[in-house]
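Have a look at the structure first, then read on.

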Amino acid sequence: MINLFDLIARIFISSIFLISGINKIFSFDNTVQWMESFGVNGILLYPTIIIEIVMPLLIIVGYQTRFAAVLLLLFCISTALIFHNDLSNQMQLIAFLKNIGLSGGLLFLIINGTKDWSLEKKKKYVRL
């Protein structure tokens, strides 16, 4: 059951990034305008979309999980500090705390890695 729960947890924590990355593709111009209203260059939307789609997929399949989790953790913290720093606004406070909470989950992945249902573990078994 631990392997199943590990996989479900990786899917859960990855889903918000995947959905967000896909939404950014379909609302590209609006997202660029929103980013630029915070003084962030819109060209950074390209790497943002790549990070929000590729890194969660790596986490789900369990390949380079710690690396992907580190990138997403840094992404969450910087997003919280840049875009959700008006803590007097209830919605921004919630968004800030969501990013910090996600960072905590990603930190667990960084520390513990994946269980047996991952490409990383399968790769180890093949080498034996």
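This is a predicted model: local features need pLDDT of at least 70, side-chain atom pairs count only at pLDDT 80 or more; totals for chains, interfaces and linings use all residues.

## Helix 3 against helix 4

Thr 48, Ile 51, Glu 52, Met 55, Pro 56, Leu 58 and Ile 59 of helix 3 touch Thr 65, Phe 67, Ala 68, Ala 69, Leu 71, Leu 72 and Phe 75 of helix 4 (contact means heavy atoms within 4.5 Å; helices are DSSP runs of H or I, at least four residues, numbered from the N terminus). By class, that contact has 11 nonpolar residues, 2 polar and 1 charged (Ala, Val, Leu, Ile, Met, Phe, Trp, Tyr, Cys and Pro count as nonpolar, Asp, Glu, Lys and Arg as charged, the others, Gly among them, as polar).

The angle here is about 140°, and the axes are 9 Å apart (axes are lines fitted to C-alpha atoms over the stretch in contact, and angles run from 0 to 180 degrees between N-to-C directions).

## Ground rules

Numbering starts from 1 along each chain as its sequence is written, and side-chain values use heavy atoms, with hydrogens and water left out.

## Helix 2 against helix 3

On helix 2, Phe 28, Thr 31, Val 32 and Met 35 meet Leu 45, Tyr 46 and Ile 49 of helix 3.

## Whole protein

The protein has 6 helices and 0 strands. Its C-alpha trace spans about 55 × 30 × 20 Å along the principal axes.

Notes. Helices (H or I, at least four residues) and strands (E, at least two) are DSSP runs, numbered from the N terminus.
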